[in-house]
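Here is a short report for a first look. Please keep the sequence and the 3D view at hand while reading.

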Amino acid sequence: MKKLLTLFLLLLPTLLFGNGGPVYVGSSVTGTGNPRFLHVKEVELLSEVLYFQLRNDYTRVSVTYLLANQSDKVLSGIEYGFPVDYFVNEGYEEEPQSTLRWRDDYTFDFHFTYNGKPLTVSTRDEQVEMQERELPESLYWHGSLLGRSAEDDHRRRWFFTTLDMAPGQIVRLEVDYVIKNGFFDYGDVSHDRQLLYDLSPASHWGDGAVRDLQIVIDASELIAHGGYVRQLIAPEFYRTLEETSGNPIEIGPEGVYRYHDTDFSLADAQPIYYAYTSDRWDFFLTRIGPDKYTMKVSSEQQAYPAKNLQDLDFSNAWVPAKRDTEPWIEYTFREPMLVGGFFMSPGYLKSEKTYTENNRVRVMRIEVEYEDGTVVTEEFGGLEDCDYCDFTDHPYSPVNFWWPGYRPYENSGPHVVFDFEYIFDYDSIRRIRFTITGVWPGSKYDDTCISEIFLFAW
């Protein structure tokens with residue numbers, strides 16, 4: 001039996017083993033929880049089609065294997081799985097927004113299909129002792145993403161199923177899932193999305209080679225919406241960050257890399273690695289979801305309720321009652337949180353007509369209550385106060401976001417981005433109230449509108 005190869009599909013702060021081939025687990029697990037592969041000489045890997053589709057923070061991975069049982073034996077009860085390795089730091093595990101723990105959005109839509117029929121997907125967790133990893137020197141530049149400190153516990157979550165193969169049977173096994181790529185973002189700072197996929201585990205089928213191999217890395221949609229690939233290491237393609245200086249690279253016609261080979265040795269194959277920027281709107285990356293707080297307002301008009309503030313739809317708006325001279329929006333957190341700031345569309349962004357004909361926010365009072373009960377109040381309005389709380393009357397521009405990822409400011413419409421670190425203390429916040437105390441008058445209506453507002457975490 002061979003020891004588990006320690007190359008990873010990268011998912012910070014998780015690491016996902018990219019199993020380009022079968023993993024036998026269960027009785028083969030050692031005391032430390034490290035699985036071992038069984039060399040299945042009887043099963044030949046006739047073909048493998050590996051497809052990656054890059055979308056925002058995620059990659060959809062689809063793998064199709066054609067396997068042949070070349071023996072006269074029944075192979076039953078084979079446990080085949082993909083493990084996800086991740087880190088837990090006890091100092092952060094209880095933080096609501098912490099990523100140093102398992103999160104359900106790390107991988108989802110996991111499906112195994114066997115000759116067209118779905119197989120049951122099971123999961124189990126174990127604590128593991130991480131091993132040294134041998135990686136190409138060109139990848140060491142992002143070493144902080146490939147390992148965590150000794151203070152972190154290393155965990156593994158298995159997604160597995162059970163297979164049976166009759167003597168002489170040829171089967172089609174399909175694996176499909178969505179994985180969150182490796183990255184580390186905080187506040188308004190984002191980094192490249194990265195993925196490392198190991199082809200070598202499939203070498204434990206038959207003689208360690210695949211008779212027909214196809215690899216497709218599809219970045220066309222990403223590129224069409226402003227993102228670009230900065231690095232790619234794949235068969236017959238080698239562009240590292242040092243070579244590209246971070247500039248966009250052409251990976252193939254229309255942003256699609258394709259590779260085809262026969263009798264490909266998987267045991268000696270270098271892992272596939274890529275890094276890209278989705279050119280997302282950074283503040284959305286750490287948006288605090290509505291499940292983390294309760295929101296209430298001083299008033300609302302029936303046709304323009306408060307729920308419009310947090311639906312990520314810029315074609316509607318919240319409009320307070322006309323009698324409400326100082327309307328406010330208040331957030332109370334279910335648990336005190338570290339809040340980095342907020343984004344606001346201070347007008348009705350449905351169209352240029354709705355934006356100019358209605359009032360827009362000019363001055364706003366912000367009241368913050370900390371976990372210890374301390375309350376701090378500040379009022380802002382215009383660039384004369386600060387260049388990071390801009391409530392000047394910007395001209396209308398259309399909103400053209402790519403859902404669920406966003407482009408930067410040039411197509412986010414008139415907006416205000418406020419960074420709390422310049423004004424408020426770095427401490428857990430229990431409650432925030434925004435009060436409108438001044439407006440830019442509309443050309444036709446005396447209604448004050450806000451299309452969208454959301455908070456982002458540190």
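## An enclosed strand

Q194 has A275 of β18 as its bridge partner. The model shown is a predicted one. Strand β13 (residues 193-197) pairs with β18 in the antiparallel sense, over 5 bridges. A second pairing involves β15: β15 and β18 are also antiparallel, again over 5 bridges. Here V229 has Y276 of β18 as its bridge partner.

How many residues of strand β18 are buried? The count is 6 of the 6 in residues 272-277, so β18 is largely enclosed by the rest of the structure. In a regular strand, side chains alternate between the two faces of the sheet. Both faces of β18 are covered. I272, Y274 and Y276 are buried on one side, and Y273, A275 and T277 are buried on the other.

## Two loop residues with positive phi

E236 sits in the loop between β15 (228-234) and β16 (237-239). Its phi is near 60 degrees, a positive value in a residue other than glycine. E236 counts as exposed because its relative accessibility is 76%, and the cut-off for exposed is over 50%.

E254 lies in the loop between α2 (241-244) and β17 (256-265). Phi of E254 is near 60 degrees, positive in a non-glycine residue. E254 is exposed, at 75% relative accessible area.

## A negative patch

Which residues gather in a patch of negative charge on the surface? They are E335, E371, D372, D425 and D427. E371 belongs to the loop between β22 (360-370) and β23 (375-380). Its relative accessibility is 43%, so E371 counts as partly exposed.

Key: Residues numbered from 1 in each chain as written. Predicted model: local features only at pLDDT ≥ 70, side-chain atom pairs only at ≥ 80, totals over all residues. Heavy atoms only, no water. Patch = residues over 30% accessible without salt bridge, like charges linked within 9 Å, V, L, I, M, F, W, Y side chains within 5 Å. Areas by Shrake-Rupley, 256 points an atom, 1.4 Å probe, with all protein chains shown as cover. Salt bridge = Lys/Arg side-chain N within 4 Å of Asp/Glu carboxyl O. Lys, Arg positive; Asp, Glu negative; His and termini not counted. Charge placed at Lys NZ, Arg CZ, Asp CG, Glu CD. Helix = DSSP H or I, 4+ residues; strand = E, 2+ residues; numbered from the N terminus. Buried < 20%, exposed > 50% of the residue type's maximum accessible area, 1.4 Å probe, protein only. Pairing = 2+ DSSP bridges.
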